[in-house]
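Keep the model open while you read.

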Amino acid sequence: MRTLVFIVLVYVVFQIIFLSSQCARLSSNDDNLIEQTCKQTPNYSLCISSLKSDPKSATADVTGLALIMVNVLNTTATRTLIHINSFLHHIPSPKIKKALLSCANMYYNGIITADVPVSIEALTKGDPKFADDSTLDAAKEATLCEEGFSGNSPLTVDNTNVNNVARVTEAIVKLLL
Amino acid sequence: MGVSGYADPNGPMVYRGIYHLMYQYNPKGAVWGNIVWAHSTSTDLVNWTPHDPAIYPSQPSDINGCWSGSTTIMPWGTPVILYTGINPQNQQVQNLAMPKNLSDPYLIEWVKLPNNPLMAPSSLNQINASSFRDPTTAWLGPDGTWRVLIGSKTDRRGLAILYRSKDFINWIKSQHPLHSAKDTGMWECPDFFPVLINSKLGVDTSTLGPDVKHVLKVSLDDTKYEYYTIGTYNPDKDIYVPDNGSVESDLGLRYDYGKFYASKTFFDSLKNRRILWGWLNESSIQADDIKKGWAGIQAIPRTIWLDKSRKQLVQWPIAEIEKLRGHQVHLPQQVLKGGLSLEVSGVTAEQADVVISFKVSDLGKAEVLDPSWTNPQVLCSKKSASVKGSLGPFGLLVLASKGLQEYTAVFYRIFKGQNKYVVLMCSDQSRSSLNNSNDKKSFGAFLDVDPVHEELSLRSLIDHSIVESFGGGGKAVIAARVYPTLAIDGKANLHVFNNGTENVKIASMSAWSMKKAQIS
C-alpha cells in the first residue's frame, strides 16, 4: 500500500514538473517571439516595455503585437493632445499658439482619427500596407509638429515618444508585408 | 474625382456603349477604411456621372469590407463581378455579384449569389486567409473552362493562385499557381491579359494564338510599386512563362515609374483597345488630406499595347482626353542653348497638355554612365534638375512659381553607355513645393530610345497637383503628385529649360490649356 502511494506521489510530482516545464516552454516561446520581433525594430527596449505592458502580448502573433503597438501609439498621441490643449489654455505667445494649433490638427486629424483607426482596420483585415503608410505618417506628423516650434518646443518629450513608438510600430508592420 | 477617400480602380468595363469605373471608396472619410465600390459611368472616358455605390457590405461573405475585384464579360455579353470580401472572421474570400437589371444600361444595382463565397481559404487548400485577394478578369480556355487568378503569397514568395470553373460558380483550385516569384512578397491586384504582336489594338482577355503574347502584372505590397513581365501562356498546362531576361521584382518593367499602384486593364470592345487605369495616392500628410476632404485619384486612362520590339509595353493617354484641349500655343523650331530656358505663356499652366520634341546632335559630349548607376530613381534623386550636365538636363519646368522657388522638372539626360547611348527620364519633385511636409521623392526611368536616330519626345499632362509624363511616345511613363504653395491659382508658369552645357534643338512644341472634365 505504501509503495502504491509512493508510486502515485512520484507520478504526481513528475506530472507537476512536466506540466510546469511545458508552461515554461509555452511562455518562453512567446517571449521569444516578442524578443525576435523587437530586435527588428529601431528601439528594442521601447518595443519590449510597450509590448510586455499588455498581457495579451504573451499569446499574440506578429499581427497581434502590431495591434498592441498601435494601441500604445494611440495612448501616447492622446496624452500629447491633452498636453497641447493645456498649453493652449496657458495663453501662449502668438507664435507658440500657431505652432500648438498646427500640432493639435496633426495629432487629432492626422494621428488619432485617421492613422490609428486605419492601422487597426488594415491589420485586422489583412491589408497591412495601409498600416505601414499610416504609422509612417504618424511619425512624420510628430516630427513636423516639433519642427513647427523652431527650437522652442514645449512638446519635445511628447513628440519624441510618439515618433519612437510610431517607428517601432511601423517596423513590426513591415514584418507582415 | 468626388469627396472622401478612394483607391484601387475596380471592375472597369464597357457595356452597351457605356463605360463603367468602380473604385475602392470610403464614404466616411478621406482615409482608407469602411470600403465600398463607388461607381461612375461615362460615354467618353473623360466626363463621368457618379451613381450610388454598386457593391457594399450586405452578406456575411463581405460584411467587413468589399475589396478589389474585376469584371468578366460573359460570352453572351453580360458582365459578372468577382471581388474580395472580408467575412465576419476577417478572412479574405472571393464573391460573385451580377447586375440586378440587365436592361438598365447604367447597371446601378447589383445582386450577390446567396452561396457566396465561391472561393475561400481552408485547412484543405492551405491558403493564407489574410493573403488571398484581388481576383482578375477571368478567361475561357480552349477546353471551355474559365480560369481566374487571385493574388497571394507563401512566406516571401508571391503567387498568382489559379482557380478553374465550368459554370463560373463552382471553382476548383489548381494544384499549381499560374506563376510565382521568390522574394517578392504579397502579390496584389494581379492582371493577366493577351497583347497582339505588331498592333496597337487590344484583344479580349480570352484571346489565344500565335499572334499574341501574354502580360502578367502584379502590385507589390512590400514596396508599393508594380512590375510586369511579357511571356507565353500555355493553356494546356495552365502555366505562364516570362520571356528570357525578364526581371521579377520592382527593378523590372513598370507601367508607370512614379506614384502609381493597384492598376487594372480592361478590353474596350467599342474601340478595340486595352485601357489601363491606376491609382495615384497622395504624397501629402494625413492631416492635410483630412483638411482637403479628399484623398486619392485615378490617373488619366491610357491605351496600352506591345511595343514592336516585343520587349515592353507602350502607353498613351486615350485620344478622348484631347477634347479637353482649349487654347493652343506653339514654339517655333529653335536651338535652346546650354544654360537657358524659355517661358511658355498663353496657356493655363496649372491645367495643361504639353507636347515637345528635342533633337540632340553632338552626342560625343555625353557624360559617361558609371556602370554602377543601375537604378534610375536613385540616379534622378542624385542628379536633380539643378545639377548641371553636358547633354541634359533638358525638358520642362511645370507648376513653376514666378521666382522659381517652386517647380517640378520633367527632363532627360543622355549618357554614353557600354555600346550605346542611354537616355534617362526624370520627374524631379525635390523643389515642387515650399511645404516640406509633403513627400517630394523624385522618380526616374531609362528610356529605350536611340538619340542618334530619333527625336526625344515628351508629353506632360498637368492638373494642379498631378503631373503625368510620357517619354518616347509612351515607352516610359511617370506620374507624380505635387502640392505647390505659390504656383497655384493662376500664378503657375511653364518653361522649357536646358541646364546642360551643350545646345539642344527644340524640334516642335505645342501646349494647350485644358478644360475641366465633368466628374461629379
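The points below cover a helix pair, a sheet and an annotated region. Keep in mind that this model is predicted.

**Helix pair in chain A**
- Helix α5 of chain A spans residues 129-147, and helix α6 of chain A spans residues 156-174.
- Their axes come within 8 Å and cross at roughly 165°.
- Angles over 145 degrees count as roughly antiparallel, and α5(A) and α6(A) are therefore roughly antiparallel to each other.
- The crossing of α5(A) past α6(A) is left-handed.
- On the α5(A) side, the contact includes A:Ala131, A:Leu136 and A:Cys145.
- On the α6(A) side, the contact includes A:Val162, A:Arg167 and A:Lys174.
- The residues of this contact between α5(A) and α6(A) are nine nonpolar, six polar and five charged.

**Sheet in chain B**
- An open sheet in chain B is built from four strands, in the order β15-β16-β17-β18.
- The pairing in this sheet is antiparallel.
- β15 (187-196) and β18 (239-242) of chain B are the edge strands, and each pairs on one side only.
- On average, neighbouring strands of this sheet are turned by 35° against each other, direction ignored.
- Seven bridges join β16 (residues 212-220) and β17 (residues 225-234) of chain B.
- B:His214 has B:Gly231 in β17(B) as its bridge partner.

**Annotated region in chain B**
- An unreviewed UniProt entry annotates residues 320-513 of chain B as "domain: Glycosyl hydrolase family 32 C-terminal".
- Over residues 320-513, chain B is 4% helix and 46% strand.
- The end C-alpha atoms of that stretch of chain B are 15 Å apart.

Methods: Residues numbered from 1 in each chain as written. Chains lettered and ligands numbered in written order. Predicted model: local features only at pLDDT ≥ 70, side-chain atom pairs only at ≥ 80, totals over all residues. Heavy atoms only, no water. Pairing = 2+ DSSP bridges. Helix = DSSP H or I, 4+ residues; strand = E, 2+ residues; numbered from the N terminus. Axes fitted to C-alpha atoms, helices over the stretch in contact; angles between N-to-C directions. UniProt positions renumbered as here; feature names shortened; annotations may be inferred. Parallel < 35°, antiparallel > 145°, perpendicular 65-115°, else oblique. Left-handed = near helix turned anticlockwise from the far one by under 90°. Contact = heavy atoms within 4.5 Å. Nonpolar A, V, L, I, M, F, W, Y, C, P; charged D, E, K, R; others polar.
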